[in-house]
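Dear colleague,

I am passing on to you the structure below, together with some notes on what was found in it. Please read the notes with the structure open beside them.

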Amino acid sequence: MPLILGIDGCKTGWFTVWQDENEAIQSSIFSSLNSLKDFFSDETHLIVGIDMPVVLSEQIPREADQLARKLLSKKASSVFTAPTPEMLEQPDYEKASFVSKKLFGKSMSLQSWYLFPKIKDVQTIIHDAHINIYEIHPELSFRAMNNEEVILESKKSKEGFEIRNSLLRKQFKSFDFVSIRNLYPKKDVMDNDILDAMAVLWSTKRIQVNEASFLPKIPEKPNMQIVY
């Protein structure tokens with residue numbers, strides 16, 4: 001029986017959630033994605049959903065990014081533009097931005113550059129025989145939970161937090177935000193990291209029961225899709 005994980009990047013690595021055999025929510029922080037294989041049994045097949053670009057394109061933006069922005073409308077800015085493999089290979093921000101300008105006529109934001117280490121980490125496990133990994137966007141997941149209505153309130157606001165927390169409690173009867181929050185210092189895991197990892201877990205579970213939606217349905221490369 002495969003184990004389904006929901007993963008979101010956090011300040012100290014990767015905040016990861018899953019359900020045990022009693023459907024109770026379990027969580028942990030991993031410094032790298034390869035640590036998953038050390039933590040879980042070698043015989044365990046992992047179905048991983050992650051809020052990070054997985055399969056990269058030689059073009060910017062990927063069709064998946066464009067379709068996700070269209071669905072999220074006023075929250076379109078929450079969709080990260082995935083770099084190309086050539087950009088990811090560059091040793092510093094200036095060179096990566098130069099490649100972006102050369103190929104697409106636009107420089108790259110520093111915010112994008114700061115995510116490169118995590119995107120590189122994802123690349124280390126995408127061909128692992130014991131891991132199936134899918135790219136999930138939490139705001140698309142919350143939109144699906146919310147009757148296909150985009151949640152405009154920021155997850156960092158009190159109202160935005162409560163909306164998302166309430167949606168998650170409806171989907172996971174054992175989910176208790178406070179009990180998870182108390183396990184980790186905020187310097188390691190922020191409130192929205194917990195919400196997003198749970199939303200990613202929800203969408204990844206939908207993949208297993210053939211209820212998930214894929215953007216696009218027919219990708220340029222296998223698994224170059226955002227799932228929700």
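The count of salt bridges comes to 13, where a salt bridge is a side-chain nitrogen of Lys or Arg within 4 Å of a carboxyl oxygen of Asp or Glu. Please keep in mind that this is a predicted model, in which local features need pLDDT of at least 70 and side-chain atom pairs count only at pLDDT 80 or more, while totals for chains, interfaces and linings use all residues. Residues are numbered from 1 along each chain as its sequence is written, and side-chain values use heavy atoms, with hydrogens and water left out.

Arg-62 takes part in a salt bridge with Asp-65, at 2.8 Å from N to O, and in another with Glu-135, where the closest N and O atoms are 2.7 Å apart. Because Arg-62 lies in the loop between β4 and α2 (63–72) and Glu-135 in strand β5, this second pair ties together parts that are 73 residues apart in sequence; helices (H or I, at least four residues) and strands (E, at least two) are DSSP runs, numbered from the N terminus. Arg-62 is buried, with a relative accessible area of 2%, and Asp-65 is buried at 0%, while Glu-135 is buried as well. Here buried means under 20% relative accessible area, exposed over 50%, and partly exposed in between, with a 1.4 Å probe and protein chains only.

Another salt bridge is formed by Glu-86 and Lys-102, with the closest N and O atoms 3.3 Å apart. Since Glu-86 belongs to helix α3 (residues 85–88) and Lys-102 to helix α4 (residues 93–104), the pair ties together parts that are 16 residues apart in sequence. Glu-86 counts as partly exposed, at 31% relative accessibility. Salt bridges that share partners also join Glu-139, Lys-155, Arg-164 and Asp-196 into one network.

Turning to the strands, five of the five residues of β4 (residues 46–50) are buried, so this strand is largely enclosed by the rest of the structure. Leu-46, Val-48 and Ile-50 point one way from β4, whereas Ile-47 and Gly-49 point the other way. Strand β4 runs parallel to β1 (residues 3–10), to which five bridges join it, and it also runs parallel to β5 (residues 131–136), again with five bridges; two strands pair if DSSP finds at least two bridges between them. Ile-47 of β4 is the bridge partner of Ile-4, and Ile-47 has Asn-132 as its partner in β5.

Finally, there are the pockets. On a 1 Å grid over the protein atoms alone, a pocket is an open set of points where a 1.4 Å probe fits, with protein on both sides within 12 Å along at least five of seven lines, and lining residues have an atom within 4 Å of a point. The largest pocket has a volume of about 940 Å³, a volume being the space filled by probe spheres set on the points. Its lining consists of 33 residues, of which Asp-51, Ser-78, Phe-80, Gln-111 and Leu-115 lie nearest the centre. The elements that give two or more residues to this lining are β1, α2, α5 (110–114), β5, α7 (138–145) and α10 (191–208).

The second largest pocket holds about 330 Å³ of space, and of the 13 residues that line it, Met-1, Pro-2, Leu-3, Gln-19 and Asp-20 are the closest to its centre. The most is given to this lining by α10, with three residues.

With best wishes
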